[in-house]
Amino acid sequence: MQEHELEYVGKRIPRVDSELQVTGLCSYGEDYYRPGMLVAKACFSRYAHAKILKIDTSLAEKMPGVRGVITYRDVPVNRNGCGFYGIADQPILAEDTVRYRGDCIAVVAAETREQAQAAAAAVQVEYLPLPAVYDIDEAMAPDAPLLHEDLFQSNIPYHLKAYLGDVDSDFSQADYIIEGTYETQKLEHTYIEPHAALAEIEPDGKLVITTTTSRVFNYIGVLGTVLNLPMSRLQIKGTAGTGGGFGGKNEVTIEPWVALLALKTGRTVHMVLTREEDIQLSTARHPYRIHYKTGVCRDGRILAQQISLYADTGAYLALGKSQLQKATVHAAGPYHIPNIRSDGYLVFTNSKIGSAMRGMGMPQACYACESHMDFVAKQIGMDPVAFRRVNMFQDAGKLPNGQVVWSEPLRATMDRALELFEEGYRKDRPLPPHTCRGVGMALMIYPQDPSNPSSSTGAFVKVDSDGSAVVYNGHSDVGQGSATILTQIAAETLGIPVEKIRFLTADTVTTPYDEGTGASRTTYIVGTCVKNACEKCREILFKAAALHFGFADHRKFAIQNGEIYLDTYPDLHISVAQAAYLSERVYGFPVIAADSYATLSSAEDPENGHCRHYEKHAYATQIAEVEVNTDTGEISVTRLAAAHSCGRAINPMMVEGQIQGGIQMGLGQALMENLIESRDDGRVVTNTLRTYQIPTAVDMPRELKVAYVEVHDKDGPYGALGVGEPAPVPTPGAIHNAVCNALGMQINRLPLTPDRVLLAMEKRGEGGKE
Amino acid sequence: MMLHFVVNGKETQLEVADGDLLLDVLRDRLGLRSVKRGCETGDCGACTVLIDGLPVDSCIYPAFRAEGKHILTVEGLGTPGNLHPLQKNFRELLAAQCGFCTPGMLLTAKALLDRCKSPSEEEIRQHIYGNLCRCTGYQKIVEAIRKTSAEQ
């Protein structure tokens, strides 16, 4: 189909739920209120690591308004393991051991929030404190206490490999060998809506849980196991609106608790976490330490690179392995390096669990890689842009997992970002006093759609007799706008206006399986599936049109502007509504279709980690300009240009929104966000939005220019690929490089807070490096 | 004690206790679900309502202090089919992604435009400083407010 013919794809259409959003009528987790419901509150561990000697809930049970208390004794199968990889290392409620402060001992359901809170505080627990490990060094020390002795021999549950060529022989050919170590901090997703869930028992005894989640089918798998209930007795529904996820609503947290309390009390149970509880209990972005050893020639060609990555996954695995795999495979960036040895290690600590967060290990790996690229360029006396041009992937590249990737959009993003960065810029802008200015760049390769071992989805579509359509798919729109994008794809394929399409999502009973929202897989995987199912419906409509006009061959029909017509006889046309009516009511074949779509990974070679893990890759370039106040250490990002590949922009406005929001998240990682846990007792210290600061409107660059580069993907629906997940990935590297450029020194650790900048400057004054 | 106030133009009275917060009274007692609970410490602005035209974090505002005052929530700003210009522009320019901060953000913006017809970009950014958004990077929010101001 020609581009000019597209009616709905490529258009700046408002979100399908936007009218509800701006009028306050969209229902989020806390809005699922039922008369007479009970309210749940949890009792969390008081230690980061301890044996539990005794749990006594008798006092709590007798408190006013209390209708039920649950502990591990009430959990039929007390294992979670987040339902992805089958290693169930996390209890639903702590039994004999607590491994971080978010481990929950008991949960109380009472008539009011205050009563539940009081009773949760009255649960009596006797602990035997154990030595705790709070960072990767402590956890990897020879005498470190083991967190999961029953499952793993050490605190390193996974060592992942991605090896290409022969590193050792090529280091000897290099003119320079340059090393650097880069560190990142722990981060909170900071969706504005905390977790909330409602459990109800239907008259026939079925349990329905409505919750703020990105993955209803992961949840039903876990809950079915944990509650020992067949899926036919269970239903998980996403809330109509979810106030952001960013990967933080991927794993079950409070859902088993409200379910168990509903079953125990026979009442509806609601639970809404406070911000403080949410920050303690929910998952985080893994802190990383990444070391590079790079062998490079005088002309700038990188010959060999050895990389070791250590990721702190906290107390439990969650999606730790999946994010480490992304980082290990892509830590060398989008660069031709013939010999790479990349080793990733996941490390348990007695701290908040690391799991999926927008970018999944890549904001850390990209920051480290791009900071190291600048450092190497500086060491060999090359311009950092020229150094990247010498090494970057052209039309294709080979990753250290042996995968060959299509990388055509990378150059276009670099050229576009360079162009945008200079657009309308006055070079003679005065510099404020005591300030220095710097510029930094970061390139990005981002793996979309990891198949572990598959990434699959299904869709149903029906067209009703007035030409309306309903699309059913089990993914969740947690704010990113996927329901709108997919509606546009359906509208385009069916020739039905967006307003006449309903898109039903995230319900384990009424919508077909989808793995869930994440990894920027929805536009590509679900989009392809929806398009295919809509094409099947279109075929049925064409058959009705063919019967109507008495043509034998329905394949000669096409849809344009809601009309089905024949190329050869433009006067013969019938509306989609008429065709739908005829096929359903007259010809006897209602317009319904289903389809499924999946990507599959190949088997992994344990020796070198070779595997086809990732179906598609996104590319981007971001360039930042910063001003650093040398008196206060404060950094202001004054300009930022970003160009991201997206295949085709199904909705340009939403592509821009994703990139802008991603940059905000990346800027927070670069400059201010830092989740701090006490080294005395493991408690999260930054447990409010005052102490855990995310960027405000004032912190964002005044000159923020974003662009999307459209190089249509051969498989994506209408050429589209995802754009949301990778948006924050290059930002920390670009900002870090700009700050290092401004100060003429390396800092190599995030966040670049004023005190860290001043300390680094002070140390440089003394001739050292931080 | 008995609290008398005007909520979205309607005279309202109800019994409140000393410790009751305005957020809970509006959400749980009056059913105004647009007022969102994001932090309960006055840091995120999701619970913003206008009290006599000024934006206030209702999660840390004692309900009894609203005595005799006029409260505006998004329910009173505009309805589907009859959107306030700010709501229309927030919708059309994608100033809302997940939408959870949107009611508070709209009210903060209204307070600004009521007092200042054509604020500069810097004034807009300073004014919405107390309303956190994690999705948009604020760019399209600022654009929607500027467009509304230009259309006035």
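## Glu607(A), a loop residue

In this predicted model, Glu607(A) is located in the loop that joins β27 (591-600) to β28 (614-629) of chain A. Its relative accessibility is 59%, so Glu607(A) is classed as exposed, the cut-off for that class being over 50%.

Once the neighbours within four places in sequence are set aside, the contacts of Glu607(A) are with Lys161(A) and Tyr163(A).

Ser407(A) belongs to the loop between β19 (404-406) and α12 (409-422) of chain A. Ser407(A) counts as buried because its relative accessibility is 0%, and the limit for that class is under 20%.

The side chain of Ser407(A) comes to 2.7 Å from the backbone oxygen of Gln394(A). With neighbours within four places in sequence left out, Ser407(A) is in contact with the run Phe393(A), Gln394(A), Asp395(A), Ala396(A) and Gly397(A), and also with Tyr619(A).

## Extent of the interface between chains B and A

Across the interface, 50 residues of chain B are in contact with 52 residues of chain A. The two chains bury about 4400 Å² between them, and carbon and sulfur atoms account for 55% of this area. Arg91(B), Gln97(B) and Arg134(B) contribute 19% of the area that chain B buries against chain A, which is more than any other three residues supply.

## Polar and charged pairing across the interface

Eleven salt bridges are counted between chain B and chain A. A salt bridge also links the side chains of Glu40(B) and Arg113(A), with an N to O distance of 3.9 Å; the cut-off for such a pair is within 4 Å.

Several helices of chain B take part in the side that touches chain A: α1 (22-29), α2 (85-92), α3 (102-115), α4 (121-127) and α5 (139-151) each provide at least two of its residues. Sorted by class, this side of chain B comprises 20 nonpolar, 15 polar and 15 charged residues.

Terms used:
Residues numbered from 1 in each chain as written. Chains lettered and ligands numbered in written order. Predicted model: local features only at pLDDT ≥ 70, side-chain atom pairs only at ≥ 80, totals over all residues. Heavy atoms only, no water. Contact = heavy atoms within 4.5 Å. Buried area = accessible area lost by both parts, 1.4 Å probe. Helix = DSSP H or I, 4+ residues; strand = E, 2+ residues; numbered from the N terminus. Nonpolar A, V, L, I, M, F, W, Y, C, P; charged D, E, K, R; others polar. Buried < 20%, exposed > 50% of the residue type's maximum accessible area, 1.4 Å probe, protein only. Polar contact = N/O pair within 3.5 Å; in protein donor to acceptor, adjacent residues only side chain to side chain.
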